[in-house]
Amino acid sequence: MTRFLARRLLQLGPVLLGVSVIVFLVLHLSPGDPAEVMLGANANREDLERLRHQMGLDQPLHVQYLTWIGHVARGDLGRSLWMKRPVLGEVLERFKATLLLTGSALFLSTVGGIALGIVSATHANSLLDRLSAVASLFGASMPVFWLGLVLMVIFALWLGWLPASGMYAPYGGGGLRDLLAHLALPAVTLAAASVTIIARLTRATMLETLGQDYVRTARAKGLGDRVVVWRHALKNALIPIVTVVGVQTGYLLGGAVLTETVFAWPGVGTLVVQGILARDVPLVQGGVLVIAVSFVLVNLAVDTLYAWLDPRIKFQ
Amino acid sequence: MLYHLDRYRLAAVALLVVALAVLAAIMAPGLPLPDPDAVNTANRLKPPGTPGHPLGTDEFGRDLLSRLLWGARVSLLAGVGTAAAAMLLGVSLGLLAGFYGGWAEVLIMRFTDILMAFPFILLAIAIVAGLGPGLRNAMIAIAIVGFPIYARLVRGVVLSVREREFVEAARALGSPDRRILGRHVLPHLLSPVVVAFSLDVGAKILTTAGLSFLGLGTQPPTADWGSMLATGRQFVILSPHVVLLPGLAIFVTVLALNLVGDAVRDLLDPRMRAA
């Protein structure tokens, strides 16, 4: 296990390096000039030149990258041009909100998806199974931002059960209850598509596992249905499920951008979009880098989980 | 209930829906519709069923039916265009990597690995941030983010075909690489690539609409389903139809495209048949 982990950690270096190069390059393609953004359109040439020199924008691209990555390695993501504050603090503050939203959606979709998948497999072709098949088709075709708006109209505007947007009520909010009430709609919206994908995959792998000889042996020994399904079949069906949950985490981290925008959830996604519209390169760079790095780390965690679930994997 | 319909009958209905959407998009300029961008503030946010505006009007009094049909042109073209661009790029790079191997393969595959290390919509957003908001840039971004899937798929197929006897025989007969690729390798790619493409168009429509919704794709006043949702959402309390209609258009179209994609997969690749 230690060797497996060491090897995976070694592979992490080049991937993170590649991610940082892409984030840097992509944002330096931009036709806009950050110095112009800072000084405004009416700045004179000399001031612009001076600021470009101060910011290192007159240096060759590779020198700019090395300077930037050097700062990043020391935890300095630069200063936001628009907010005039260090990017790291701003992004980390917002990242907590994104993590809370993504984590809740991941929890809902994993627990809901596995439970729905198991019931669909043990009651194949039942009404619930068919409904779940139709739901998965709908889930893959529905724009997440539209689902969010529809849920908002129904549960916040018509029924008035839940708040429509934000993370806390502007007046008298702040408690856990308030937070959960605000979290409910965005988390359900974000989880909706993933629930159906995880459910269909769980159903397929459970059906396959339930047909195996050892499951028949377990039943022949007189074990109860619950023990056979949960203890014998589920553990062996878990590996493909863990894979898809890993993939879905990436989808959730990305999809959070849209959900955050619909519900004005103060996460990194809304920050990045605001940064783009304000042409604030350091802010966008910082936000994208933090989400991308966390996605890489999630994938590492998923791989480690495989090796733990299936000891054969680390020998490959 | 959808599920009780015969699979192929369902696919036929879906195909009809797609055909209608395409037809409506093509015919939009010739139909007796009001100008989709004509502002009439006296007539704003009229509900569906208003005389002269069967689907009502938006926040600027523009006719929603007209905007939906004109928007279909942008949304469908963007979906098909980005999927096609991603496919062409991915197939070319996958062929290069799989057939020639060596440095080309290492470079291409590591590059796709790194692109796939990003949540795809986030990378698309970052690319648009670099290029600047707008439909064309959003489409470029989505095509770049979308090609690695095709590259991986094609490389896998090419790797397995490359070692087969008929390729060896062609090589022994002195066929040049171009002929081997065209005559012996490409036909094997056709069915997996067509399947991947047919399932991809819907996903690309969703992504383009997503970027437009964030204000990074189509810019006002051009009608596109995603941007209609984005501007309409401020009026969701007063007039939910402004938001419900474009969303429904995206949903129904993508659902139909996915059903057609499933049917194409069942036809071309029976082993992959959905459970």
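This is a predicted model: local features need pLDDT of at least 70, side-chain atom pairs count only at pLDDT 80 or more; totals for chains, interfaces and linings use all residues.
Helix H8 of chain B (residues 225–232) is largely enclosed by the rest of the structure, because eight of its eight residues are buried.

**A buried helix in chain B**

The buried residues of H8(B) are B:Trp225, B:Gly226, B:Ser227, B:Met228, B:Leu229, B:Ala230, B:Thr231 and B:Gly232. What lies over them? The cover includes elements from both chains: helix H7 (144–158) of chain A, and from chain B helix H2 (64–100), helix H7 (177–213) and helix H9 (241–268).

Two packed helices are described by the angle between their axes and the distance between the axes. For H8(B) and H9(B), the packing angle is about 155° and the axes are 8 Å apart. Angles over 145 degrees count as roughly antiparallel, so H8(B) is roughly antiparallel to H9(B). The crossing of the two helices is left-handed. On the H8(B) side, the residues that meet H9(B) are B:Trp225, B:Met228, B:Leu229 and B:Gly232. Their partners in H9(B) are B:Val242, B:Val243, B:Pro246, B:Gly247, B:Ala249 and B:Ile250. Sorted by class, this contact has eight nonpolar and two polar residues, with no charged ones.

**Chain A as a whole**

A few overall values for the chain are gathered here.

| Property of chain A | Value |
|---|---|
| Span of the C-alpha trace along its principal axes | about 85 × 55 × 35 Å |
| Buried share of the 316 residues | 38% |
| Share joining residues at least 24 apart, among contacts between residues at least 6 apart in sequence | 71% |

Is A:Ala187 buried or exposed? A:Ala187 has 25 other C-beta atoms within 10 Å, and is therefore buried. Leaving aside neighbours within four places in sequence, A:Ala187 is in contact with A:Leu101, A:Ser104, A:Ala105 and A:Leu108. A:Ser126 is 61 residues from A:Ala187 along the chain, and the C-alpha atoms of the two are separated by 28 Å.

**Where the chains meet**

The contact between the chains takes 43 residues from chain A and 37 residues from chain B. On the side of chain A that touches chain B, the elements giving two or more residues are helix H1 (2–28), helix H6 (127–141), H7, H10, helix H11 (268–277) and helix H12 (281–309) of chain A. H10(A) provides the largest share of that side, eight residues. By class, the side of chain A that touches chain B has 35 nonpolar, seven polar and one charged residues.

**The largest nonpolar core**

The largest nonpolar core has 155 residues, and the members that touch the most others are B:Leu122, B:Ala124, B:Ile125, B:Ala126 and B:Tyr150. Which helix gives the most to this core? That is helix H10 (residues 225–263) of chain A, with 16 residues.

B:Leu122 also reaches across to the other chain. Leaving aside neighbours within four places in sequence, B:Leu122 is in contact with A:Gly254, A:Val257, A:Val288, A:Ile291 and A:Ala292.

Conventions. Residues are numbered from 1 along each chain as its sequence is written. Chains are lettered from A and ligands numbered from 1 in the order in which they are written. A residue is buried if 20 or more other C-beta atoms lie within 10 Å of its own, exposed if 12 or fewer, and partly exposed in between; C-beta atoms are placed from the backbone. Helices (H or I, at least four residues) and strands (E, at least two) are DSSP runs, numbered from the N terminus. Two residues are in contact if their C-beta atoms, placed from the backbone, lie within 7 Å. A nonpolar core is a set of buried Ala, Val, Leu, Ile, Met, Phe, Trp, Tyr and Cys residues joined through C-beta atoms within 7 Å. Ala, Val, Leu, Ile, Met, Phe, Trp, Tyr, Cys and Pro count as nonpolar, Asp, Glu, Lys and Arg as charged, and the others, Gly among them, as polar. Axes are lines fitted to C-alpha atoms, for helices over the stretch in contact, and angles run from 0 to 180 degrees between N-to-C directions. Angles under 35 degrees count as roughly parallel, over 145 as roughly antiparallel, 65 to 115 as roughly perpendicular and the rest as oblique. A crossing is left-handed if the near helix is turned anticlockwise from the far one by less than a right angle, and right-handed if clockwise.
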